[in-house]
Each structure stands twice: as C-alpha cells, then as structure tokens.
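Hi,

Here is the model I promised to pass on.

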Amino acid sequence: MQKFLQVITVIIVGVIVMFGGRWYMYVAHGETPYDEVGIALNGYMPSPLRSWGCHKMQARFANQLPPYGCAGPDGRSWL
C-alpha cells in the first residue's frame, strides 16, 4: 500500500510540475498573450496565481489587448 501511495504522489507532483511549468512559461516568457493552451491553464489557476499571471502579462504586453481571463468588463482593458 505504501508503494502505491508513493507512486501516486510522484505522478501528482509530476503533473503539477508539468502543467505549472507550462503555465509559468506562458506568463513569464511567452511570445504572445494569445496562446490557447496558456489561456486555458491560466483559467484553471487559483485566483491569486491567475491575478499574478495577468499582472505579469500586463507588464509585458501593455500595448496589446488582454487575453481571455485577464480582460476587464469592457474586454479591452486589463484587470
């Protein structure tokens, strides 16, 4: 049973690192804010991480329209 829990824990940590790393690369180093996978991953993040990601992208892409999930009520301004 302990070996099973160890395998499950390793799988869960691996999935978190894989998807979390992909999300971070989108937010911090992406060439465009309109990457579909990045937008989807950002939508699944908890509110504080999503907010941080949107602010990070706003600093990097201030002169572009915000992606879905980071747009204000009018759809043209950043949150």
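Below is what turned up, with the cut-offs as we go.

This is a predicted model, so local features need pLDDT of at least 70 and side-chain atom pairs count only at pLDDT 80 or more, while totals for chains, interfaces and linings use all residues. Residues are numbered from 1 along each chain as its sequence is written, and side-chain values use heavy atoms, with hydrogens and water left out.

Start with α1 (residues 2-29) and α2 (residues 36-44); helices are DSSP runs of H or I, at least four residues, numbered from the N terminus. The two pack at about 115°, their axes 9 Å apart (lines fitted to C-alpha atoms over the stretch in contact, angles from 0 to 180 degrees between N-to-C directions). On the α1 side the contact (heavy atoms within 4.5 Å) is made by Phe 19, Arg 22, Trp 23 and Tyr 26, and on the α2 side by Val 37, Gly 38, Ile 39, Leu 41 and Asn 42.

Asn 42 counts as buried because its relative accessibility is 2% (buried is under 20%, exposed over 50%, partly exposed in between, with a 1.4 Å probe and protein chains only). Beyond its neighbours within four places in sequence, Asn 42 touches Trp 23, Tyr 26, Arg 50, Cys 54, Met 57 and Cys 70.

Back in α1, Val 15 is partly exposed at 37%, and Gly 21, also in α1, is partly exposed at 29%.

Cheers
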